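Please work through the exercises below with the sequence and the structure at hand. Each task is followed by a solution in steps.

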Amino acid sequence: MLAGAPGRPSLLPGMKGFFSGRAARMTVSIPEISAVSWSSFMTGTQPGEHGIYGFVDLVPGSYQVRFPDFRDLKVEPFFIELGAHGKRSVIINLPATYPARPIPGVLVSGFVALELERSVFPPRYLSMLKQAGYQVDVDAGKGRERKVEFLADLHCALKVRKQVADRLWEREDWDVFMFTVTGTDRLQHFLHDACFDGQHEFHDEFRAFFHEVDETVVDFMQRAAARPGMEVLALSDHGFGPIRSEVYLNPVLKKNGFFSSETPDVKGLPGISGRATAFALDPSRLYVHRKGKFPRGAVADADYERVRRDLKDLFRAYEVGGGKAIRRVYYAEELYSGAQMAAAPDLLLLSEPGIDLKGGMEKDRETGTSHFTGMHRQDNAFLACSRPELIAASPTIFDVKGLMYRLLAI
Amino acid sequence: MKGVTVWFTGLPCSGKTTLALKLSAELKKRGIHSEDLDGDVTRKYLSKGLGFSKEDRDENIRRVGFVCSLLTRHGAVVTAAFVSPYRNIRDEIRGMIGDFVEVYVKCSLEKCIERDVKGMYKKAIAGEIKNFTGVSDPFEEPLQPELVIESDRESEEESLRKILGKLEELGYLGQAGKDIVIPDYLRQDLVKMLPGQNFPDLPTFVIHILSQYVARNSGQADLSQSEEDEVREKLKKLGYIS
């Protein structure tokens, strides 16, 4: 988005100018979702260490899912660690930091924050946020059918968030200031098709929102650049692209004999049968239904590698509309390592652009489309820095913390 | 923490200094900044030259009261053990200090004489010491002290518990069970680490450490059912779960 599509004007011209066009294309975590990517960013580690594998995870030894939050992060985020170096951080709207807890500085939690009261540290700023009308998130439900209202909410949330950030910028004595924009993600999920289609009903509104984001962010960057010794980093936790087709993994597994339900009336994972050998969790995680690990596990240790190979073969060959759907199938140990490996899925899928993977446990077909028009991409996030020479040749989101520490001379 | 002067008044050898020192030691164990003022010390450094006439005694207490007011204003818990036999001057310094807790250490004259290892009572009774409180000079009992300790009937531990309880009741100390004593061997290491942290003081640093522990190990780590439903709904709206 910094550079813009070939032959088209940038959506973020101010940022592009600020960094003189020297933004790097960055790869992010797999799965390429905010909970995992931002946790990787803030700890400089991968899920095998920090323990966040998705927005949902399994309760060990069961088929129940739970929703990991900031309390589940097993590695200290940089803003806690920096306290040991006498540095204070102001962190605004960073996903995967709810509920807020004490940090050396200020933390306003981002997605999936629930109550504002539990999203702010120190609590003395709560009244300031309330008075400003701060929203922890917009109602994404409006993105489907009430788009005009949705766009208005996005503008309003950004404006208020900027006001709050401006106050904290002035009031707080900080070493690191981080402002996270989430509205662009919300917008692209529902209106990615409006981005380059000049005839689209919301084309102008789409670009107008990006320009507002651009002005907001550049304002911070220019103020930062005016401070002696201050460096600037900008990044996204994933890229974005248009959706060609959604692929529902559990129906694919079912059709190919890996997944079956105990009885038709028990829906979802709790209804999995004792004959099922694999199942999927959103968005792209595959689990071998192992004996000893799951209550009705069907796969003995001796058969584990064979089942993994079969799954790999299935998805490597899987096609949608005559084209390859899966770019690569990973065994967990190819991506992750560390103390939290016990909770890792057995395989992970990286899709081709345009193929939006979902668990789709309750879907009765393998593919489809929906009201979503944009999807995350793992390979086209961006990273930009006021000292571009410090950016690695092929940067990943796991490198950003190290880069930040170099800028801070730590 | 709010400062306060805990003023121990009573006959000579009634046990004021013993209790004041016990209180001070307990406060230090709790990490609370305390200062001890005692008649022997202040007469040497603050009120040298003053005698034991009523005027001189009042002047001595006035000077001590002034020092107490400064320390109290700066957040210290001051333990002051003085016979301070006259009600007027005690009331005067109460007004000067503000945060003032008067502890009347009540003890029978016989018991005080029995405890008097220096033999001062004996000398006073023999007329060798003039203006000796309880013998040749009056002790004006406090009319409304915050606390009366009957040191000839209570153990020192009981008395200390009563004093701490009163300070908690009056809001000068955290409630019982809420204050945590950090052993010295840990405190020393934490204090050494403090300069590398961005916390203004040791309590804030300790709170930070505890909050991290609680965040990671709390039995309430999972969301409530209604919170889970809310998260599920938010994730569904964005297509993050199907």
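The model is predicted: local features need pLDDT of at least 70, side-chain atom pairs count only at pLDDT 80 or more, and totals for chains, interfaces and linings use all residues. Residues are numbered from 1 along each chain as its sequence is written, while chains are lettered from A and ligands numbered from 1 in the order in which they are written.

**Exercise 1. The chain as a whole**

State how many helices and strands chain A has, and what share of its residues is buried.

Solution. Step 1: chain A has 13 helices and 20 strands, where helices (H or I, at least four residues) and strands (E, at least two) are DSSP runs numbered from the N terminus. Step 2: a residue is buried if 20 or more other C-beta atoms, placed from the backbone, lie within 10 Å of its own. By this criterion, 50% of the 410 residues of chain A count as buried. Step 3: two residues are in contact if their C-beta atoms, placed from the backbone, lie within 7 Å. Of the contacts in chain A with a separation of 6 or more, 62% join residues 24 or more positions apart.

**Exercise 2. The setting of one helix**

Determine how many residues of α8(A) are buried and what covers them.

Solution. Step 1: eight of the nine residues of α8(A) are buried; among them are A:D185, A:R186, A:Q188 and A:H189. Step 2: the cover of these buried residues includes α6 (142-145), α7 (147-171), α9, β9 (239-242) and β19 (374-377) of chain A.

**Exercise 3. Two helix neighbours**

Describe how α8(A) packs with α9(A), and then how α7(A) packs with α8(A).

Solution. Step 1: the axes of α8 (residues 183-191) and α9 (residues 203-225) of chain A come within 11 Å and cross at roughly 165 degrees. Axes are lines fitted to C-alpha atoms, for helices over the stretch in contact, and angles run from 0 to 180 degrees between N-to-C directions. Step 2: angles over 145 degrees count as roughly antiparallel, and α8(A) and α9(A) are therefore roughly antiparallel to each other. Step 3: A:G183, A:T184, A:L187 and A:L191 of α8(A) meet A:F206, A:F209, A:F210 and A:V213 of α9(A). This contact has six nonpolar, two polar and no charged residues. Here Ala, Val, Leu, Ile, Met, Phe, Trp, Tyr, Cys and Pro count as nonpolar, Asp, Glu, Lys and Arg as charged, and the others, Gly among them, as polar.

Step 1: α7(A) and α8(A) pack at about 165 degrees, with their axes 10 Å apart, and are therefore roughly antiparallel to each other. Step 5: A:K147, A:L154, A:A157 and A:L158 of α7(A) touch A:G183, A:R186, A:L187, A:F190 and A:L191 of α8(A). The residues of this contact divide into six nonpolar, one polar and two charged.

**Exercise 4. A sheet and its helix**

Give the strand order of the open sheet formed by four strands of chain A, and name the helix that packs on this sheet.

Solution. Step 1: the order is β11-β12-β16-β15 (chain A), with antiparallel pairing; two strands pair if DSSP finds at least two bridges between them. Step 2: β11 (278-281) and β15 (326-331) of chain A are the edge strands, each pairing on one side only. Step 3: the twist from one strand to the next averages 25 degrees. Step 4: helix α11 (residues 301-316) of chain A packs on the sheet and touches β11, β12, β15 and β16 of chain A. The direction of α11 makes about 170 degrees with that of β15(A).

Key: Parallel < 35°, antiparallel > 145°, perpendicular 65-115°, else oblique. Buried ≥ 20, exposed ≤ 12 C-beta atoms within 10 Å, placed from the backbone.
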